[in-house]
Amino acid sequence: MSASEKDAVANDALKKESLLQDAPTKNTPTNKGQQNSSKQKSLTHTLYITILTFSVCLVLVFALAAVFLMYKNYEADAADILAQNTQELATRLESQNKSEQLKTLASQANVNVRYTFIDEDGVVLYDNWENVSSMPNHKTRPEIEEAYVSSRVVVQERYSSTLEKEVLYAAKSLEDGNVLRLAETRHTLVQFLQSISLPLICLLVLVCLFAFALSRLLSKKVVTPLDSLDFSKPLKNSAYEEMNPLLERIDAQQNLLKEQNQRLEDANSMRREFTSNVSHEMKTPLTVISGYAELMKNNMVKKEDQQRFSELIYDEAKNMQSLIDDVLIISKLEESEDEVYANEVVDVLEVAKEQAARLESFAQENDVDVNVWGTQAKIMGSRTQLAQMLHNLIENGIRYNKKGGSVKVTCEEKTDTHQVVLSVADNGVGIALEFQEKIFERFYRVDASRSKETGGTGLGLAIVKHAAQRLGASIYVDSTEGEGTTFTIIFPAAF
Ligand code: ADP
């Protein structure tokens, strides 16, 4: 991972970490979970109730339909049998005289069937259930009326006022005009149900018990694979095909969490490293300052050395000041990650000239010539950040140069690609290839003593890289040891 990528990851993680730290005050997922669990339904229970209700309803509907069909069938069968018996007996009576007919009727053994013989005027001649003399004229009975005019067996079901029951009648007229009628009392549907209620209820109870057991078994069978899901390896589960999208989402979330944790860890270790580096960097100047100051306080410095000692103290204090300034700049760049910086139009050439002018005396001290040239090139961004970048790059160009060396700052706007290209080139000491990526890391120095002697903090390029990211720019280094270094920064143009 390059230095710039590492820093980006660290910032991202730091931001997330701060979000996480805020989290307990804002939302309480665990509490929510606990609240929900009291309202939550059990899947096993829901499935059990659903399957049970469904199967019991199904059984009841089937039972009712079956009973109704059985009843209808039983009724139809009874009517057919009664009609057939009537036809057979009528055929027998046809060939007999009246006394023989009465004898034949009296000899009928089925006491459940009522046999009635009526003459052509409706007078009842024979009835095996009632006393003939007390019976009214039957001429107007619907089945008799119809039988007088029909040659077939007439079948009717109606309420008998004599028997006070639902009765099925079959009547057939003989050739002599008399009518033979067979009658049978029938059960209504309710009576039919009553008659089969005991076996029916027993059967229903048995079926319901079976449904109870089966529902329990089925609901358990459905839920067991869900219970045994292994969420530590979501994609290894093969419980149900329909769960795959959910498991894939869980897997993705877990990977994301792992990544975030890794970033957090990285950020934490970077922060620890940064803190210890800052303390370490501060220790040296502080030791020097306090040492010399103590000597001066105790009057242990000769008069002629006092000036030199004061200068040493002053230089170290300056170094510390630069270090603190750079630490503050880095912290600010990290802190305000989310703020929109690209809020002003800045002319890169103008800022470059301004920074070169600020560093003029430093350049003169080091006998380095600084030139700025190019065209007006505007970018959107923060002027302060651009100034910090240019200051650090030009300063490095001077610092890591030779006597009589030069630093060339060029700036041009590429209208075809809508980019602004800034380059800071020096003909100084250069950087060996193996260090070129590392120089952007905090406190990384190729030549530590030179950096420290000339007031370097080790944070200059880390700030440059950070600020470039904020400005949406990319940074490249091209260097040859002993020949010089060119830093190129490509910004998106403002217009
Ligand atoms: P410093 O404050 O030490 O200059 P920087 O972060 O600015 O820290 O630079 C990191 C290191 O990269 C420096 O110590 C130096 O070794 C190297 N470096 C930076 N700029 C140049 C350059 N223009 N020429 C040669 N080396 C450079």
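Residues are numbered from 1 along each chain as its sequence is written. Local features in this predicted model need pLDDT of at least 70, side-chain atom pairs count only at pLDDT 80 or more, totals for chains, interfaces and linings use all residues, and side-chain values use heavy atoms, with hydrogens and water left out.

**The ligand**

The ligand is surrounded by 21 residues, each with a heavy atom within 4 Å of the ligand. The closest are Asn396, Tyr400, Ser451, Gly458 and Leu461. By class, this shell holds nine nonpolar, eight polar and four charged residues; Ala, Val, Leu, Ile, Met, Phe, Trp, Tyr, Cys and Pro count as nonpolar, Asp, Glu, Lys and Arg as charged, and the others, Gly among them, as polar. At least two shell residues come from each of α11 (383–399), α13 (460–470) and β12 (484–492). Helices (H or I, at least four residues) and strands (E, at least two) are DSSP runs, numbered from the N terminus.

| Ligand atom | Protein atom | Distance |
|---|---|---|
| oxygen | side-chain N or O of Asn396 | 2.8 Å |
| nitrogen | side-chain N or O of Asp426 | 2.9 Å |
| oxygen | backbone N or O of Val446 | 3.0 Å |

Taken alone, the ligand exposes 520 Å², of which the protein buries 98%; these areas come from the Shrake-Rupley method with a 1.4 Å probe.

**Helix packing**

The axes of helix α3 (residues 43–94) and helix α6 (residues 189–227) come within 8 Å and cross at roughly 155 degrees. Axes are lines fitted to C-alpha atoms over the stretch in contact, and angles run from 0 to 180 degrees between N-to-C directions. The two helices, α3 and α6, are therefore roughly antiparallel, a term for angles over 145 degrees. Their contact has 28 nonpolar, four polar and one charged residues.

Helix α3 also packs with helix α4 (residues 98–106), at an angle of about 150 degrees and with the axes 9 Å apart. Accordingly, α3 is roughly antiparallel to α4.

Note on methods. Polar contact = N/O pair within 3.5 Å; in protein donor to acceptor, adjacent residues only side chain to side chain. Parallel < 35°, antiparallel > 145°, perpendicular 65-115°, else oblique.
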